Amino acid sequence: MVGITAVYDIIIVGAGPGGIAAAVKAKEAGLNYLIVEKGEDIFSGIISSYPTGKEVYPTIPKGASEGYSMSLLEPPEKKVTIEEFYRSVKEALKNLGGLNIKTVEEFKSFHKEGEILVVQTDKADYQCRNLILAIGSNIPRKLKIYGDARPIARTLHDPNKYLNQNVLVIGGGNTGADVVITLSKLKREKEDQTKVYWANRGEKFEVVREVARDLGEEILLGGDIEILEDAKPVIGEVDESGIRRLTIRIEEYSLDDEIKIYRSMSFPMKNVIACIGFMGPAQIFEQLGMELMTHETGRKSELVILDENMQTSIKTVYAIGGAISPSYIKRSKDGKSDEVRHLNLIYTAVNDGTHVVEHIASKLKGSITPS
Ligand SMILES: Cc1cc2nc3c(=O)[nH]c(=O)nc-3n(C[C@H](O)[C@H](O)[C@H](O)COP(=O)(O)OP(=O)(O)OC[C@H]3O[C@@H](n4cnc5c(N)ncnc54)[C@H](O)[C@@H]3O)c2cc1C
């Protein structure tokens, strides 16, 4: 461990839209801040989870009381790809004189020494007065199969990689559908005879109208898509040729009380893309000692408790952005707890980041900031 030096006003964990907004605001307010990012650059979470070339929507939730609180992080109305958006943000940050960021450094934990927080990463210990956790929600959901499924892709980075191979896309939501359409279109245009299999655990595929329209159009144009309803990934194994395979069960009959017959398909894991979503970091918050509350939100889930300034149950430690989506518990001063819907959007992350730093800056106003 490297020795402790400065006491930062704020340490921000994560350089996604939320963390960057917080850092820019801290810089504008003249605060002494540091961002710790485990990836190689800003927007690592986004780059690793968005399909290559995905257009970025500047969505603002219905009924929001304000627009984007920071224009440099607002995706333009005229849609741009994630790569173009990333480049424009990089350029804007360069024009601001850059940010104080340590990349390829992973936050591990923190503890309190009086009023000071000691933040531990895999490289060093740092001291700060306030900690903002902007770690996103990009912990891929587990496939819940027997065996190892690590080689399975979680998003589509290069569609060309899947030419001349049958592909299995798992997940009946918008991301899965987007991937199916992109692959099918490319295969059709290249006159590739292989198929796209689209599997969902349930019988219902849940996609928004625009995606359903694009999917219908792709099928009408001759896209070779085979839909597998009620298909369950069950086993990850290595076959006799040393190929890692995923087996999915597509039909199940009971012969009698004891005997069952299954029909399954097996795909090389390198040809499988699992678009089964991401989960919030409730486990991480729990390990860090923050208070959570079990709440009914369609499925039972543990939600982090925050006050009206997005402060966790540990004073001076805040959580923002995707990390607290799709909802958190707001505990008011009178002790009342309400579930607050918090859509996982660039907008919410950016506005959280600026509001939390405005709150911290006003709290610190008048106090001396050692550099
Ligand atoms: C496929 C897909 C498409 C989307 N499309 C859109 C869209 O078009 N429009 C829109 O508004 N939203 C979209 N979203 C949602 C949007 O990307 C998120 O809401 C937003 O990125 C959240 O920002 P964040 O800063 O909270 O988290 P993230 O962007 O996830 O950033 C978190 C950062 O924290 C870092 N980190 C995590 N843990 C640690 C640690 N322990 N130590 C150090 N660093 C750490 C990560 O590497 C990452 O860089 C999409 C999401 C997905 C998955």
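At what angle do the axes of helix α4 and helix α5 cross? I looked this up first. This is a predicted model, where local features need pLDDT of at least 70, side-chain atom pairs count only at pLDDT 80 or more, and totals for chains, interfaces and linings use all residues. Residues are numbered from 1 along each chain as its sequence is written.

**Helix pair.** The axes of α4 (residues 174–189) and α5 (residues 209–220) cross at roughly 30 degrees and come within 10 Å. Axes are lines fitted to C-alpha atoms over the stretch in contact, with angles from 0 to 180 degrees between N-to-C directions. Helices here are DSSP runs of H or I, at least four residues, numbered from the N terminus. So I noted α4 as roughly parallel to α5 (angles under 35 degrees). On the α4 side the contact uses Asn174, Ala177, Asp178, Ile181, Ser184 and Lys185, and on the α5 side Val211, Asp214, Leu215 and Glu218 (contact: C-beta atoms, placed from the backbone, within 7 Å). By class I get four nonpolar, two polar and four charged residues there; Ala, Val, Leu, Ile, Met, Phe, Trp, Tyr, Cys and Pro count as nonpolar, Asp, Glu, Lys and Arg as charged, the others, Gly among them, as polar.

**Ligand shell.** I found 34 residues around the ligand, with Gly14, Gly16, Gly45, Gly136 and Gly321 coming nearest (near: C-beta atom, placed from the backbone, within 6 Å). Two or more residues each come from α1 (17–28), α2 (44–49) and α7 (346–364). The largest share, four residues, is from α2. The shell has 16 nonpolar, 15 polar and three charged residues.

Technical notes: Parallel < 35°, antiparallel > 145°, perpendicular 65-115°, else oblique. Contact = placed C-beta atoms within 7 Å.
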